[in-house]
Amino acid sequence: MTYHPKSEFIAIMMERGYLADCTDYQGLDEALIKGVVPAYIGFDATAKSLHVGSLIQIMMFRWLQKTGHKPLVLMGGGTTKVGDPSFRADERPLLNEEQINANIDGIKQVFANYVTFGDGPTDATMLNNAEWLDGLNYLEFLRDIGRHFSVNRMLSFESVKSRLDREQSLSFLEFNYMILQAYDFLELNRRYGCLLQMGGSDQWGNIVNGIDLTRRVLDHEIYGLTSPLLTTSDGKKMGKSQDGAVWLNGDMVSPYQFWQFWRNTTDADTGRFLKLYTELPVDECERLGALAGSEINEAKIILANEVTALLHGRAAADAAAATAKEVFEKGGVGDDLPTLDLSAAEVGDGMSIVQLIVKSGLAKSGKDAKRLIAEGGAKINDAPLSDAGLMIDVAALASPIKLSAGKKRHALVKLS
(Lines give C-alpha, C1' and ligand atoms only; values in the text may rest on other atoms or scores of the structure.)
Protein backbone atom coordinates (compact mmCIF):
# COMPACT_ATOMS: atom_id res chain seq x y z
CA MET A 1 0.00 0.00 0.00
CA THR A 2 1.22 3.48 -0.86
CA TYR A 3 0.12 5.93 1.81
CA HIS A 4 1.04 9.61 1.82
CA PRO A 5 1.26 10.64 5.47
CA LYS A 6 0.43 14.07 6.83
CA SER A 7 2.18 13.57 10.19
CA GLU A 8 5.93 14.06 10.55
CA PHE A 9 6.38 10.85 12.55
CA ILE A 10 4.89 8.45 9.97
CA ALA A 11 6.67 10.33 7.17
CA ILE A 12 10.03 9.73 8.92
CA MET A 13 9.16 6.08 9.65
CA MET A 14 8.46 5.49 5.96
CA GLU A 15 11.31 7.54 4.53
CA ARG A 16 14.01 6.04 6.75
CA GLY A 17 12.86 2.40 6.47
CA TYR A 18 11.38 1.82 9.94
CA LEU A 19 7.89 0.87 8.82
CA ALA A 20 6.83 -2.70 8.02
CA ASP A 21 3.08 -2.44 8.68
CA CYS A 22 0.41 -0.40 10.45
CA THR A 23 -3.06 -1.44 11.60
CA ASP A 24 -4.68 1.83 10.39
CA TYR A 25 -2.47 4.36 8.61
CA GLN A 26 -5.12 7.05 8.30
CA GLY A 27 -6.46 6.73 11.85
CA LEU A 28 -2.98 6.86 13.38
CA ASP A 29 -1.93 9.72 11.09
CA GLU A 30 -4.93 11.79 12.18
CA ALA A 31 -4.28 11.05 15.88
CA LEU A 32 -0.64 12.17 15.45
CA ILE A 33 -1.74 15.45 13.85
CA LYS A 34 -4.42 16.09 16.49
CA GLY A 35 -2.13 16.10 19.55
CA VAL A 36 0.47 14.28 21.64
CA VAL A 37 0.28 10.51 21.09
CA PRO A 38 1.61 8.35 23.96
CA ALA A 39 3.16 5.21 22.41
CA TYR A 40 4.74 2.16 23.98
CA ILE A 41 7.23 -0.56 23.18
CA GLY A 42 7.73 -3.48 25.56
CA PHE A 43 11.15 -4.85 26.49
CA ASP A 44 11.36 -8.11 28.41
CA ALA A 45 14.13 -8.28 30.99
CA THR A 46 15.76 -11.55 29.89
CA ALA A 47 19.34 -10.16 30.13
CA LYS A 48 21.23 -7.35 31.91
CA SER A 49 21.39 -5.34 28.70
CA LEU A 50 19.53 -4.98 25.43
CA HIS A 51 21.57 -5.64 22.30
CA VAL A 52 21.86 -4.04 18.88
CA GLY A 53 18.75 -5.95 17.74
CA SER A 54 16.66 -3.61 19.96
CA LEU A 55 18.25 -0.43 18.65
CA ILE A 56 15.75 0.00 15.82
CA GLN A 57 12.92 0.22 18.40
CA ILE A 58 14.92 2.61 20.60
CA MET A 59 15.53 4.86 17.57
CA MET A 60 11.79 4.78 16.82
CA PHE A 61 11.21 6.11 20.35
CA ARG A 62 13.76 8.86 19.71
CA TRP A 63 12.02 9.98 16.51
CA LEU A 64 8.62 9.74 18.24
CA GLN A 65 9.75 12.20 20.91
CA LYS A 66 11.55 14.47 18.42
CA THR A 67 8.27 14.80 16.46
CA GLY A 68 6.31 15.87 19.56
CA HIS A 69 4.96 12.63 21.05
CA LYS A 70 5.40 10.68 24.28
CA PRO A 71 7.45 7.45 24.63
CA LEU A 72 6.23 4.95 27.24
CA VAL A 73 9.12 2.55 27.84
CA LEU A 74 7.54 -0.61 29.21
CA MET A 75 9.75 -3.00 31.16
CA GLY A 76 8.34 -6.53 31.24
CA GLY A 77 8.81 -7.23 34.94
CA GLY A 78 5.64 -9.33 34.81
CA THR A 79 5.76 -10.86 31.32
CA THR A 80 9.43 -11.89 31.69
CA LYS A 81 8.17 -14.41 34.26
CA VAL A 82 6.34 -16.11 31.36
CA GLY A 83 8.61 -15.52 28.35
CA ASP A 84 7.55 -14.54 24.83
CA PRO A 85 7.32 -17.68 22.66
CA SER A 86 7.04 -15.71 19.38
CA PHE A 87 9.07 -17.47 16.67
CA ARG A 88 11.24 -19.25 19.26
CA ALA A 89 12.24 -22.88 18.81
CA ASP A 90 12.18 -23.61 22.54
CA GLU A 91 11.00 -22.29 25.89
CA ARG A 92 12.94 -19.44 27.50
CA PRO A 93 14.63 -20.24 30.82
CA LEU A 94 12.51 -18.92 33.71
CA LEU A 95 14.04 -16.15 35.82
CA ASN A 96 13.23 -15.28 39.43
CA GLU A 97 12.12 -11.82 40.54
CA GLU A 98 15.56 -10.82 41.81
CA GLN A 99 17.19 -11.67 38.45
CA ILE A 100 14.45 -9.83 36.54
CA ASN A 101 14.82 -6.67 38.68
CA ALA A 102 18.62 -6.75 38.30
CA ASN A 103 18.18 -7.03 34.52
CA ILE A 104 15.73 -4.09 34.47
CA ASP A 105 18.28 -1.95 36.37
CA GLY A 106 20.88 -2.81 33.73
CA ILE A 107 18.56 -2.12 30.78
CA LYS A 108 17.40 1.27 32.13
CA GLN A 109 20.87 2.80 31.67
CA VAL A 110 20.62 2.89 27.88
CA PHE A 111 17.34 4.74 27.34
CA ALA A 112 18.41 8.06 28.86
CA ASN A 113 20.93 8.41 25.99
CA TYR A 114 18.12 8.38 23.42
CA VAL A 115 15.05 9.97 25.02
CA THR A 116 14.41 12.62 27.67
CA PHE A 117 12.61 11.44 30.80
CA GLY A 118 10.49 13.75 32.94
CA ASP A 119 6.98 14.94 33.75
CA GLY A 120 6.33 17.04 30.63
CA PRO A 121 3.70 16.14 28.02
CA THR A 122 6.28 14.65 25.61
CA ASP A 123 8.78 13.45 28.23
CA ALA A 124 9.39 9.71 28.29
CA THR A 125 8.07 7.59 31.15
CA MET A 126 9.47 4.22 32.21
CA LEU A 127 6.86 1.71 33.41
CA ASN A 128 6.88 -1.89 34.59
CA ASN A 129 3.99 -4.24 33.73
CA ALA A 130 4.48 -6.01 37.07
CA GLU A 131 2.52 -2.99 38.36
CA TRP A 132 -0.73 -4.48 37.03
CA LEU A 133 0.18 -8.11 36.25
CA ASP A 134 1.59 -9.19 39.64
CA GLY A 135 -1.67 -8.56 41.49
CA LEU A 136 -4.04 -10.23 39.02
CA ASN A 137 -6.70 -12.53 40.42
CA TYR A 138 -6.66 -15.59 38.13
CA LEU A 139 -10.42 -16.29 38.13
CA GLU A 140 -11.35 -12.63 37.64
CA PHE A 141 -8.79 -12.34 34.83
CA LEU A 142 -10.19 -15.44 33.09
CA ARG A 143 -13.73 -14.15 33.41
CA ASP A 144 -13.11 -10.49 32.48
CA ILE A 145 -10.28 -10.82 29.94
CA GLY A 146 -9.96 -14.48 28.89
CA ARG A 147 -13.51 -14.63 27.50
CA HIS A 148 -12.53 -12.14 24.76
CA PHE A 149 -9.92 -14.50 23.26
CA SER A 150 -10.62 -17.21 20.71
CA VAL A 151 -8.19 -20.14 21.01
CA ASN A 152 -8.85 -20.94 17.33
CA ARG A 153 -7.66 -17.44 16.39
CA MET A 154 -4.67 -17.58 18.73
CA LEU A 155 -3.59 -20.85 17.11
CA SER A 156 -3.76 -19.23 13.68
CA PHE A 157 -1.03 -16.65 14.43
CA GLU A 158 2.22 -17.41 12.63
CA SER A 159 4.29 -16.98 15.80
CA VAL A 160 2.33 -19.82 17.47
CA LYS A 161 1.95 -22.00 14.36
CA SER A 162 5.71 -22.01 13.73
CA ARG A 163 6.23 -23.40 17.25
CA LEU A 164 3.45 -26.00 17.01
CA ASP A 165 4.98 -27.31 13.79
CA ARG A 166 8.14 -28.23 15.69
CA GLU A 167 8.64 -31.13 18.07
CA GLN A 168 9.32 -28.71 20.98
CA SER A 169 5.93 -28.22 22.64
CA LEU A 170 4.40 -24.85 23.49
CA SER A 171 3.66 -24.74 27.22
CA PHE A 172 0.37 -23.37 28.57
CA LEU A 173 2.48 -20.80 30.45
CA GLU A 174 3.91 -19.45 27.17
CA PHE A 175 0.54 -19.65 25.43
CA ASN A 176 -0.73 -17.11 27.98
CA TYR A 177 1.93 -14.59 26.93
CA MET A 178 -0.09 -13.06 24.10
CA ILE A 179 -3.08 -12.56 26.42
CA LEU A 180 -0.85 -10.78 28.95
CA GLN A 181 0.71 -8.55 26.27
CA ALA A 182 -2.76 -7.68 24.95
CA TYR A 183 -3.76 -6.83 28.53
CA ASP A 184 -0.70 -4.54 28.80
CA PHE A 185 -2.02 -2.44 25.91
CA LEU A 186 -5.47 -2.27 27.54
CA GLU A 187 -3.99 -1.16 30.89
CA LEU A 188 -1.63 1.37 29.28
CA ASN A 189 -4.57 2.87 27.40
CA ARG A 190 -6.70 2.96 30.55
CA ARG A 191 -3.98 4.34 32.86
CA TYR A 192 -1.82 6.50 30.57
CA GLY A 193 -3.95 7.19 27.48
CA CYS A 194 -1.57 5.12 25.33
CA LEU A 195 -2.78 5.12 21.69
CA LEU A 196 -0.01 3.23 19.89
CA GLN A 197 2.04 0.07 20.35
CA MET A 198 5.22 -0.33 18.30
CA GLY A 199 7.39 -3.41 17.91
CA GLY A 200 9.16 -5.73 15.50
CA SER A 201 7.04 -7.46 12.85
CA ASP A 202 7.17 -10.68 14.92
CA GLN A 203 4.90 -8.85 17.41
CA TRP A 204 2.08 -8.24 14.91
CA GLY A 205 -0.23 -10.92 16.35
CA ASN A 206 0.30 -9.71 19.93
CA ILE A 207 -0.32 -6.08 18.91
CA VAL A 208 -3.55 -6.93 17.02
CA ASN A 209 -4.79 -8.86 20.05
CA GLY A 210 -4.23 -5.83 22.29
CA ILE A 211 -6.11 -3.53 19.91
CA ASP A 212 -9.01 -5.98 19.68
CA LEU A 213 -9.19 -6.44 23.47
CA THR A 214 -9.13 -2.67 24.14
CA ARG A 215 -11.96 -2.12 21.65
CA ARG A 216 -14.05 -4.85 23.26
CA VAL A 217 -13.48 -3.82 26.90
CA LEU A 218 -13.12 -0.01 26.70
CA ASP A 219 -14.49 0.72 23.22
CA HIS A 220 -11.36 2.82 22.51
CA GLU A 221 -9.64 3.15 19.14
CA ILE A 222 -5.91 2.40 19.34
CA TYR A 223 -3.20 1.55 16.81
CA GLY A 224 -0.25 -0.71 16.04
CA LEU A 225 2.88 -0.11 14.00
CA THR A 226 5.66 -2.62 13.28
CA SER A 227 9.23 -2.36 12.04
CA PRO A 228 10.91 -4.93 9.78
CA LEU A 229 12.88 -7.71 11.46
CA LEU A 230 16.37 -6.77 10.37
CA THR A 231 18.90 -9.12 8.96
CA THR A 232 22.20 -8.07 7.45
CA SER A 233 22.68 -8.43 3.68
CA ASP A 234 24.47 -11.76 4.25
CA GLY A 235 21.40 -13.13 6.07
CA LYS A 236 22.63 -12.85 9.67
CA LYS A 237 20.34 -11.73 12.46
CA MET A 238 21.01 -8.11 13.44
CA GLY A 239 22.76 -7.78 16.79
CA LYS A 240 25.09 -10.75 16.55
CA SER A 241 28.80 -10.72 15.77
CA GLN A 242 31.31 -13.53 15.63
CA ASP A 243 31.94 -12.90 19.34
CA GLY A 244 28.23 -13.19 20.27
CA ALA A 245 25.61 -10.54 21.02
CA VAL A 246 26.56 -6.88 20.60
CA TRP A 247 25.25 -5.51 23.92
CA LEU A 248 24.37 -1.84 24.39
CA ASN A 249 25.71 -1.54 27.95
CA GLY A 250 29.31 -0.31 27.92
CA ASP A 251 30.42 -2.69 30.68
CA MET A 252 29.42 -5.66 28.49
CA VAL A 253 30.67 -4.41 25.11
CA SER A 254 33.16 -1.53 25.23
CA PRO A 255 32.55 1.63 23.18
CA TYR A 256 35.52 0.63 21.01
CA GLN A 257 34.11 -2.85 20.32
CA PHE A 258 30.70 -1.29 19.61
CA TRP A 259 32.29 1.22 17.20
CA GLN A 260 34.18 -1.60 15.51
CA PHE A 261 30.97 -3.61 15.00
CA TRP A 262 29.49 -0.74 12.95
CA ARG A 263 32.78 -0.07 11.13
CA ASN A 264 32.64 -3.71 9.95
CA THR A 265 29.21 -3.22 8.28
CA THR A 266 29.07 -4.73 4.79
CA ASP A 267 29.04 -2.31 1.85
CA ALA A 268 25.46 -3.29 0.91
CA ASP A 269 24.09 -2.44 4.39
CA THR A 270 25.84 0.90 4.93
CA GLY A 271 23.23 3.25 3.40
CA ARG A 272 20.30 1.42 5.02
CA PHE A 273 21.98 1.43 8.46
CA LEU A 274 22.81 5.15 8.20
CA LYS A 275 19.08 5.85 7.72
CA LEU A 276 17.98 3.60 10.59
CA TYR A 277 20.66 4.16 13.21
CA THR A 278 21.79 7.77 12.74
CA GLU A 279 20.06 11.14 12.41
CA LEU A 280 21.94 12.23 9.30
CA PRO A 281 19.62 13.61 6.58
CA VAL A 282 18.21 10.91 4.29
CA ASP A 283 19.84 12.32 1.14
CA GLU A 284 23.23 12.29 2.88
CA CYS A 285 22.66 8.66 3.99
CA GLU A 286 21.86 7.74 0.39
CA ARG A 287 24.90 9.60 -0.95
CA LEU A 288 27.22 7.86 1.53
CA GLY A 289 25.61 4.46 0.95
CA ALA A 290 26.17 4.78 -2.81
CA LEU A 291 29.95 5.31 -2.51
CA ALA A 292 32.02 2.59 -4.12
CA GLY A 293 35.45 1.02 -3.69
CA SER A 294 37.59 2.29 -0.82
CA GLU A 295 35.38 5.40 -0.45
CA ILE A 296 32.61 3.33 1.19
CA ASN A 297 34.99 2.88 4.14
CA GLU A 298 34.63 6.60 4.90
CA ALA A 299 30.85 6.08 5.02
CA LYS A 300 31.31 3.17 7.44
CA ILE A 301 33.49 5.32 9.72
CA ILE A 302 30.77 8.01 9.72
CA LEU A 303 28.18 5.30 10.54
CA ALA A 304 30.33 3.97 13.42
CA ASN A 305 31.00 7.50 14.75
CA GLU A 306 27.34 8.57 14.67
CA VAL A 307 25.87 5.38 16.19
CA THR A 308 28.52 5.26 18.94
CA ALA A 309 28.05 8.97 19.73
CA LEU A 310 24.30 8.45 20.28
CA LEU A 311 24.85 5.57 22.70
CA HIS A 312 28.13 6.39 24.45
CA GLY A 313 28.63 10.12 23.74
CA ARG A 314 30.71 11.98 21.17
CA ALA A 315 33.93 11.75 23.22
CA ALA A 316 33.76 7.94 23.32
CA ALA A 317 33.09 7.81 19.56
CA ASP A 318 36.06 10.10 18.86
CA ALA A 319 38.32 8.00 21.12
CA ALA A 320 37.23 4.79 19.37
CA ALA A 321 37.86 6.33 15.93
CA ALA A 322 41.31 7.57 17.02
CA THR A 323 42.20 4.12 18.38
CA ALA A 324 41.09 2.45 15.16
CA LYS A 325 43.19 4.88 13.12
CA GLU A 326 46.21 4.22 15.32
CA VAL A 327 45.77 0.44 15.11
CA PHE A 328 44.88 0.08 11.45
CA GLU A 329 46.67 2.88 9.67
CA LYS A 330 49.81 3.18 11.75
CA GLY A 331 50.10 -0.34 13.17
CA GLY A 332 50.32 1.13 16.66
CA VAL A 333 48.62 0.34 19.95
CA GLY A 334 45.49 2.41 20.52
CA ASP A 335 44.53 3.64 23.99
CA ASP A 336 40.97 2.37 23.72
CA LEU A 337 41.57 -1.26 22.69
CA PRO A 338 39.88 -4.02 24.73
CA THR A 339 42.41 -4.79 27.46
CA LEU A 340 43.16 -7.92 29.47
CA ASP A 341 44.77 -6.98 32.80
CA LEU A 342 46.70 -9.80 34.46
CA SER A 343 48.42 -9.87 37.84
CA ALA A 344 51.93 -11.30 38.15
CA ALA A 345 50.44 -14.08 40.30
CA GLU A 346 48.03 -15.06 37.50
CA VAL A 347 50.85 -15.22 34.97
CA GLY A 348 53.03 -17.24 37.39
CA ASP A 349 55.79 -19.09 35.57
CA GLY A 350 54.14 -18.37 32.27
CA MET A 351 50.83 -18.49 30.42
CA SER A 352 50.35 -20.05 27.00
CA ILE A 353 49.60 -17.79 24.05
CA VAL A 354 46.50 -19.93 23.40
CA GLN A 355 45.16 -19.09 26.91
CA LEU A 356 45.86 -15.40 26.35
CA ILE A 357 43.99 -15.36 23.04
CA VAL A 358 40.95 -16.97 24.72
CA LYS A 359 41.09 -14.77 27.84
CA SER A 360 41.35 -11.61 25.73
CA GLY A 361 38.13 -12.58 23.89
CA LEU A 362 39.70 -13.08 20.46
CA ALA A 363 38.73 -16.78 20.42
CA LYS A 364 35.95 -18.69 22.17
CA SER A 365 38.02 -21.77 23.07
CA GLY A 366 41.53 -23.17 23.00
CA LYS A 367 40.58 -25.15 19.92
CA ASP A 368 39.48 -21.94 18.14
CA ALA A 369 42.70 -20.19 19.17
CA LYS A 370 44.87 -23.04 17.86
CA ARG A 371 42.95 -23.05 14.57
CA LEU A 372 43.43 -19.26 14.29
CA ILE A 373 47.19 -19.69 14.74
CA ALA A 374 47.38 -22.66 12.35
CA GLU A 375 45.53 -20.75 9.63
CA GLY A 376 47.83 -17.72 9.94
CA GLY A 377 45.14 -15.41 11.34
CA ALA A 378 46.90 -14.58 14.63
CA LYS A 379 49.49 -11.87 15.27
CA ILE A 380 51.48 -10.77 18.27
CA ASN A 381 52.63 -7.13 18.21
CA ASP A 382 51.68 -7.05 14.50
CA ALA A 383 54.04 -9.96 13.68
CA PRO A 384 52.64 -13.31 12.44
CA LEU A 385 52.16 -15.84 15.26
CA SER A 386 52.85 -19.44 14.22
CA ASP A 387 53.85 -21.16 17.49
CA ALA A 388 50.77 -22.35 19.43
CA GLY A 389 53.08 -23.54 22.22
CA LEU A 390 54.55 -20.08 22.93
CA MET A 391 54.65 -19.22 26.65
CA ILE A 392 54.39 -15.62 27.87
CA ASP A 393 56.03 -14.83 31.23
CA VAL A 394 56.06 -11.75 33.47
CA ALA A 395 59.19 -10.40 31.77
CA ALA A 396 57.51 -10.56 28.35
CA LEU A 397 54.69 -8.41 29.77
CA ALA A 398 57.02 -5.65 30.92
CA SER A 399 55.34 -3.65 28.15
CA PRO A 400 51.82 -4.40 26.88
CA ILE A 401 51.40 -7.08 24.20
CA LYS A 402 49.04 -6.49 21.30
CA LEU A 403 47.22 -9.61 20.04
CA SER A 404 45.32 -9.65 16.75
CA ALA A 405 42.81 -12.05 15.19
CA GLY A 406 42.59 -11.25 11.50
CA LYS A 407 42.77 -7.63 10.36
CA LYS A 408 39.98 -6.16 12.44
CA ARG A 409 40.03 -7.64 15.96
CA HIS A 410 42.67 -6.68 18.48
CA ALA A 411 43.29 -6.72 22.22
CA LEU A 412 45.98 -5.59 24.64
CA VAL A 413 47.43 -7.83 27.35
CA LYS A 414 49.22 -6.10 30.19
CA LEU A 415 50.21 -6.49 33.82
CA SER A 416 47.88 -4.76 36.26
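I started with a strand pair in this predicted model: strand 11 (residues 378–380) and strand 14 (residues 401–405) run antiparallel to each other and pair over three bridges. I looked for a facing residue and found Ile380 opposite Leu403 in strand 14.

A reminder to myself: strands of a sheet pair through backbone hydrogen bonds, parallel or antiparallel.

Then I zoomed out. I noted 19 helices and 15 strands in the protein. The radius of gyration is 24 Å, close to the 22 Å that the globule rule gives for 416 residues, so I put the protein down as being as compact as a globular protein of that length. The C-alpha trace spans about 75 × 45 × 40 Å along its principal axes.

I looked up contacts too: among those between residues at least 6 apart in sequence, 72% join residues at least 24 apart.

How much is buried? I got 49% of the 416 residues. The protein exposes about 19,200 Å², and carbon and sulfur atoms supply 50% of that.

Last, the surface. I found a nonpolar patch made of Tyr138, Leu139, Leu142 and Phe172, with about 470 Å² of accessible area together. Helix 6 (residues 138–144) gives the most to this patch, with three residues. I picked out Leu139, which lies in helix 6. Is Leu139 buried or exposed? Its relative accessible area is 62%, over the 50% cut-off, so I wrote down exposed.

How values were computed:
Residues are numbered from 1 along each chain as its sequence is written. This is a predicted model: local features need pLDDT of at least 70, side-chain atom pairs count only at pLDDT 80 or more; totals for chains, interfaces and linings use all residues. Side-chain values use heavy atoms; hydrogens and water are left out. Patches are made of residues with over 30% relative accessible area and no salt bridge: like charges are joined within 9 Å, nonpolar side chains (Val, Leu, Ile, Met, Phe, Trp, Tyr) within 5 Å. Accessible areas come from the Shrake-Rupley method with a 1.4 Å probe; for residues, only the protein chains shown count as cover. A salt bridge is a side-chain nitrogen of Lys or Arg within 4 Å of a carboxyl oxygen of Asp or Glu. Helices (H or I, at least four residues) and strands (E, at least two) are DSSP runs, numbered from the N terminus. Buried means under 20% relative accessible area, exposed over 50%, partly exposed in between (1.4 Å probe, protein chains only). Two strands pair if DSSP finds at least two bridges between them. The radius of gyration is taken over C-alpha atoms; the globule rule is 2.2 Å times the number of residues to the power 0.38. Contact means heavy atoms within 4.5 Å.
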